[in-house]
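Trainee: Please take me closely through one part of this model, from the side chains to the backbone. Keep it brisk.

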Amino acid sequence: MDFELNYEISRTVDYLRAGNFTRVALQFPDELLKDSPRVAKALRSELGAGVRLFVMADAAYGSCCVDEIGASHVDAECVVHYGHACMSPTSTLPAMFVFGKASIDIKDCADLIGHCLSSTNKPILVLYGLEYSHALMHLKAVVAESLVLSHSNWGPMVKYSDVIGSVINPSQDCTTEKDQIRSLNGSITNAGFTSGRDEKKILKFGNGRRMENGTCFELGGLTWSIPSDHKIEDYLLFWIGPENSAFTNVVLTFNNCEIIRYDADERRLLEDTSCQRRILKRRYYLVEKAKDANIVGILVGTLGCAGYLSIIQQMKELIKGAGKKSYTLVMGRPNSAKLANFPECDVFVYVSCAQTALLDSKEFLAPIITPFEAALAFGRGRQWTGEYVLNFHDLMVSSGPEAVSGTKEARFSFIKGGYMEDIQPEENGEHEERSLALAETTEKALNLQSQHPNTIMFKGAARSGSEFFAARSYQGLNRQYENLAPQSYVIGRSGRASGYADEKMQEK
């Protein structure tokens, strides 16, 4: 495919000229970084010397998110994002997305969609990776033509999702971060997406947005609607694309649906999604393990997604209401070596975009869960109904997770195999933000050194980081000795290393 067509050089130039941008950041993932010099050269030849271009690579967090922090280092006015994208709303900078144009055999894909229609009595909903959005119109035409030639009346049984948009402008109708998420008027535009659709007749939020003429769904940059008398479980989901994070997001979110994946590279259908569904069992285990935690670390996995500060504050309030201690950690992309520096944390809550939220924590010392799983673990009395939410914006749009506090009933721990009593919020040791809070915390930590460390360390009774470190056997280089009197000095060896004075005397 033509290079300039694949990277949409002409459309990018039109967008930058229309916005009068003079400082532009070009964000590339690692696999496309080799093409960045050619892209920058092609854009510079069209835009001239009046527009400065900056190539960004090695994003601080996931490459699917717009790296607003990196762009701010060069005072960029907008970001052009290349490659796979999660389409999370930005906080400050406008962004344009170039998804690329992955190759696909339209005829083969259309034939397999027709084969699925003939072998099932369910309507088909076609979902796809954003890199295949360029072939959607051609695919629709070929499928419709094949159904006409076969004299089939299954045309209305095939529905296609659409791309929400390729441009995000957070300053268009939004003035605050709260308005971007909680506004109920013109939902998609207020979330930062440029779209011409009218969605002002939204009745409520949920797994899908309930409208007067049906239910509208949005996931991973795609949007589609179904009639009000239909459920999403009534459809066969036909995914076009590789087995990546976007596909995992679809499988977990719609875990009650029948899903088929078309691999465009290998040109074959794959019906086995057991690997993705096993993830749900693993996540449920982590939720049960998180219920027994006393100290929770909140990992900041994004600094660009709109609303991340609100969900972090929401998690703090949830953890505090459950009678647990929380610490907020900002460290870029988490790995086992970084998190090993915080052994006092029993569990970590990872706040990030939907497509980077799932981390395989088998190599970590403590499990890593999502905000939705934290709501299940720390909300007393809540039960998992099978619904799964990866996008933290859905938690903020809803009433939000609430911790049921004040109860003294013991709960059964499936991990420890017995009943446990959670620490009450008033016993959490929290201090209000005042001038003496640090001094009081330090005094409490010093008083804890007289307690038995085994009680705190090995029974998991540490309620805060100060208790955990006070019970450690290794206290650092500044050990407190019982005998404060200085010891007498000792005369060391004299001479050279090849032969000290005392060694020469022994030889004689």
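Mentor: C65 counts as buried, at 9% relative accessibility. Buried means under 20% relative accessible area, exposed over 50%, and partly exposed in between, with a 1.4 Å probe and protein chains only. This is a predicted model: local features need pLDDT of at least 70, side-chain atom pairs count only at pLDDT 80 or more, and totals for chains, interfaces and linings use all residues. Residues are numbered from 1 along each chain as its sequence is written, and side-chain values use heavy atoms, leaving out hydrogens and water.

Now the sulfurs. The cysteine sulfur closest to that of C65 belongs to C353, 3.4 Å away and too far for a bond. C353 is likewise in no disulfide, with the sulfur of C65 as its nearest cysteine sulfur. A disulfide is a pair of cysteine sulfur atoms within 2.5 Å. By that rule the count is 0 disulfides. C353 is also buried, at 2% relative accessibility.

Next, the backbone. Most residues other than glycine have a negative phi. D75 has a positive one, near 55°. D75 sits in the loop between α4 (68-72) and β3 (78-82). Helices (H or I, at least four residues) and strands (E, at least two) are DSSP runs, numbered from the N terminus. At 55% relative accessibility, D75 is exposed.

M87 is not a glycine either, yet its phi is positive, about 60°. M87 lies in the loop between β3 and β4 (95-98). M87 is buried, with a relative accessible area of 4%.
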